[in-house]
Amino acid sequence: MYMNKRLHYADLVKKLVSCENRMQLADVVKEINEFNKKYFITPSSEEFKKFETVIGLMKIKLKNTYLSFKNTN
């Protein structure tokens, strides 16, 4: 499926924030790495920085969700 860069980027961010577990997150990170290669995204770009931030927040969210689930059982 062909998508322009902006739509593809928005779709990946949407996928990131909708992850419900670490396996989903890992799959989306693989897609992001492919996106970065395809569009030559560098670590100094705004897209890269936003991906880094959202991935970090999702790791924290998923860890906290796991810990609270573990504590209720």
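What follows is a short chat about a predicted model of a protein chain.

Visitor: Before we start, what kind of model is this?
Guide: It's a predicted model, where local features need pLDDT of at least 70, side-chain atom pairs count only at pLDDT 80 or more, and totals for chains, interfaces and linings use all residues. Residues are numbered from 1 along each chain as its sequence is written, and side-chain values use heavy atoms, with hydrogens and water left out.

Visitor: OK, how many helices and strands does the protein chain have?
Guide: Three helices and zero strands. Along the sequence the pattern reads α-α-α. Helices (H or I, at least four residues) and strands (E, at least two) are DSSP runs, numbered from the N terminus.

Visitor: How do the axes of H1 and H2 cross?
Guide: Helix H1 covers residues 5-17 and helix H2 covers residues 22-38; their axes come within 10 Å and cross at roughly 160°. That makes H1 roughly antiparallel to H2. For the terms: axes are lines fitted to C-alpha atoms, for helices over the stretch in contact, and angles run from 0 to 180 degrees between N-to-C directions. Angles under 35 degrees count as roughly parallel, over 145 as roughly antiparallel, 65 to 115 as roughly perpendicular and the rest as oblique.

Visitor: And which residues make the contact?
Guide: From H1 you get Lys5, His8, Tyr9, Leu12, Lys15 and Leu16, and from H2 Leu25, Val28, Glu31, Ile32 and Phe35. Contact here means heavy atoms within 4.5 Å.

Visitor: How do the residues of that contact divide?
Guide: Seven are nonpolar, one is polar and three are charged. The classes go like this: Ala, Val, Leu, Ile, Met, Phe, Trp, Tyr, Cys and Pro count as nonpolar, Asp, Glu, Lys and Arg as charged, and the others, Gly among them, as polar.

Visitor: Let's pick on Phe35. Buried or exposed?
Guide: Phe35 counts as buried, at 1% relative accessibility. The cut-offs are under 20% relative accessible area for buried, over 50% for exposed, and partly exposed in between (1.4 Å probe, protein chains only).

Visitor: What does Phe35 touch?
Guide: Not counting residues up to four places away in sequence, Phe35 touches Lys5, His8, Tyr9, Leu12, Ile41 and Phe51. Take His8: it sits 27 residues from Phe35 along the chain, and their C-alpha atoms are separated by 8.1 Å.

Visitor: Switching to charges. How many salt bridges does the structure hold?
Guide: Four. A salt bridge means a side-chain nitrogen of Lys or Arg within 4 Å of a carboxyl oxygen of Asp or Glu.

Visitor: Which salt bridge does Glu31 form?
Guide: Glu31 pairs with Lys15, at 2.7 Å from N to O. Glu31 lies in helix H2 and Lys15 in helix H1, so this pair ties together parts that are 16 residues apart in sequence. Glu31 is partly exposed, with a relative accessible area of 31%, and Lys15 is partly exposed as well, at 30%.

Visitor: What about Asp11?
Guide: Asp11 also forms a salt bridge with Lys15, with the closest N and O atoms 4.0 Å apart. Both residues lie in helix H1, four residues apart, about one turn of the helix. Asp11 is partly exposed, at 26% relative accessibility.

Visitor: And which partner does Lys37 have?
Guide: Glu34, with the closest N and O atoms 4.0 Å apart. Lys37 counts as exposed at 57% relative accessibility, while Glu34 counts as partly exposed at 49%.

Visitor: Which residues do shared partners join into one network?
Guide: Asp11, Lys15 and Glu31.

Visitor: Now the loops. Where is Cys19 found?
Guide: In the loop between H1 and H2. Cys19 counts as buried, at 3% relative accessibility. Leaving aside neighbours within four places in sequence, Cys19 is in contact with Gln24, Leu25, Val28, Met58 and Leu62.

Visitor: And Phe40, buried or exposed?
Guide: Exposed, at 73% relative accessibility. Phe40 is found in the loop between H2 and helix H3 (46-72). Its phi is near 55°, a positive value in a residue other than glycine.

Visitor: Last one: what share of the protein chain is buried?
Guide: Buried residues make up 27% of the 73 residues.
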